[in-house]
Amino acid sequence: TPEIKSNFIYQEIDKDLAEGKNGGKILTRFPPEPNGYLHIGHAKSICLNFGIAKHYDAACNLRFDDTNPVKEDVEYVDSIQEDIKWLGFEWEGEPKYASDYFEQLFEWAIKLIQKGKAYVCELTPEEIATQKGTPILPGKESPFRNRSVEENLDLFQRMRAGEFKDGEKILRAKIDMASPNMHMRDPIMYRIISKPHHRTGDKWCIYPMYDFTHGQSDFIEAITHSICTLEFEVHRPLYNWYLDQILDGEATPEIRPRQIEFARLNLNYTVMSKRKLLELVQKGIVAGWDDPRMPTISGLRRRGYTPASIRMFADKVGVARRENVIDMGLLEYCIREDLNKRAMRVNAVLNPVKLIITNYPEDQVEMMDTINNPEDESMGSREIPFCKELYIEREDFMEDPPKKYFRLGPGREVRLKSGYIVKCEDFKKDDAGNITEIYCTYDPETKSGMPQSNRKVKGTLHWVSARHAIDAEVRLYDRLFMDEEPDGHKEKDFKEFLNPESLNILSGCKVEPFLKESKPLDGFQFQRLGYFCADKESTSEKLVFNKTVGLRDSWAK
Ligand code: ATP
Ligand code: MG
Ligand code: MG
């Protein structure tokens, strides 16, 4: 399907190209901080950055924004790469790391100090906060602001050498404590963190801040368009200021990166802050970052989402500068659309009750031809075993059904899909009143291809052969939160809105033998029930399926 590229970022890039900027070159980047797994919001940014690269026949870098060893880890570095590849994108060359630029960034910091544009400050974070002023009140200048260049150079070198404790000293840019933009009021460039880094080990104990890292990293990599979310709009003057400072006195570079902001993806009934997702993982509220209820890429994958469905979602959501909240139903629509086209239709009975066909020969097994996917003839057909004893859903039988109930009840007829029409003659109950067996007779003339095969009956049921079915565990998921905006309440913690019924594990489900061969993450339509996929831990010895989404939009809205 041809994608329509009309969002405002494409227009900005077209303008830059028309003006001959950057020598006609385009290079984008996706810059995750490896402090958590990627989520569906990141997918929007990935589709945008890699999508632009593809559209302009250019490239997109993957750059880890790894400037804070406290929260970062290789586990995240690895998962991020896996998720991007799984989504179907390929970055240019090797992954890049901001930490690879630490030495260059340090040299640029020295350059700023030499220019009188940076100073070592000894205020505590609290003091800095109180002296920062408000958007209408100018801030107070730090008493350390007018240190000599020599003293600043000496102190900064000693910061690097590890002579001071965390928090004792910082390096700040000397800009304007009265600027209406709070980010320009002598922002922090470096802080001391005595913790080993997942890549640079013990080499550094001072780490650059995001603002002092990002634009320069873009510059080093010759990124032309640095696309980020709207909250960075107020950082843009600082992004440009740092670039101006490091380029000062040098020839105009061929490529000058430009920051462009777009509205981040907000999705209802979930949270997307990595801090909150990490909390759910650490407190054991979910089974991990890839729990199928998580809005992470890995969670969606384990839930049965396909890369195409997520790309379709990103396309439908679009890219704009106005914040909005997208309904979870749109994500579900996308996976339903995709699986409707691709997923094989199979039979599974989640809550089985036995159905016995009293007039069917005791030892006979018939192989019934059944179409794999009515939406795609090329997927062909397969044979499913039929015999005297079957399982149907408990919900498909009522002892005393109302008139409009088109399933099975005493004296009523239904069609067994790909099989025969059967009539309920009797049933058996246990002492507690539960139906244990349903007795039917079948009409041999009603099989497909037989004279009575077109005889009309109101209901069609799915079933599995009781003698061939295999046991499976099926996990039904509901939304993780009961509130549309769980983290939108000032006085309440987002965890207060967790849905206690977000996971319902059914064991003793019966699935057709074909599913024994299913591989982790294979997706299927369980007829009449919805879309399901084999869990990542499913094996032919212990089959486990996750419900991806129902057949229809069942969201009460
Ligand atoms: P969090 O706030 O959860 O920590 P983050 O924005 O800090 O997320 P990063 O790893 O820094 O996470 O994000 C990498 C890129 O993905 C950034 O360019 C960021 O703007 C973008 N991004 C993050 N969240 C979203 C979102 N919800 N919608 C669109 N883009 C996003
Ligand atoms: Mg973050
Ligand atoms: Mg970030």
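Predicted model: local features only at pLDDT ≥ 70, side-chain atom pairs only at ≥ 80, totals over all residues.
Helices and strands, in what follows, are DSSP runs numbered from the N terminus. With that convention, α2 and β8 (225–229) each supply at least two residues of the shell around ligand 1.

The shell around ligand 1 draws its largest share, four residues, from α2. There are 15 residues around the ligand, and P32, G41, S45, R264 and K274 come nearest. Sorted by class, this shell holds five nonpolar, five polar and five charged residues.

I turn next to the interior. In soluble globular proteins, nonpolar side chains tend to be buried together. Here the largest nonpolar core has 84 residues, and Y391, I392 and W463 have the most contacts inside it. Helix α2 (residues 40–55) gives this core its largest share, eight residues. Another core, of 33 residues, lies apart from it and includes W108, I113, I175 and F212. As for I392, its contacts beyond the neighbours within four places in sequence are V349, V353, L355, F397, L461 and W463.

Finally, consider helix α8. Which residues of α8 are buried? They are L238, Y239, Y242 and I246. These four lie on the same side of α8, because they cover an arc of only 110° around the axis. An α-helix has 3.6 residues a turn, so residues three or four places apart point the same way. Among the elements that cover the buried residues of α8 are α4 (102–114), α7 (210–221) and β9 (258–262). The length of α8 also agrees with expectation: at 1.5 Å a residue, its twelve residues (236–247) should span 16 Å, and its end C-alpha atoms are 16 Å apart.

Key: Residues numbered from 1 in each chain as written. Chains lettered and ligands numbered in written order. Expected span 1.5 Å × (residues − 1). Buried ≥ 20, exposed ≤ 12 C-beta atoms within 10 Å, placed from the backbone. Arc of directions from axis to C-beta. Contact = placed C-beta atoms within 7 Å. Core = buried A, V, L, I, M, F, W, Y, C linked by C-beta atoms within 7 Å. Near = placed C-beta within 6 Å. Nonpolar A, V, L, I, M, F, W, Y, C, P; charged D, E, K, R; others polar.
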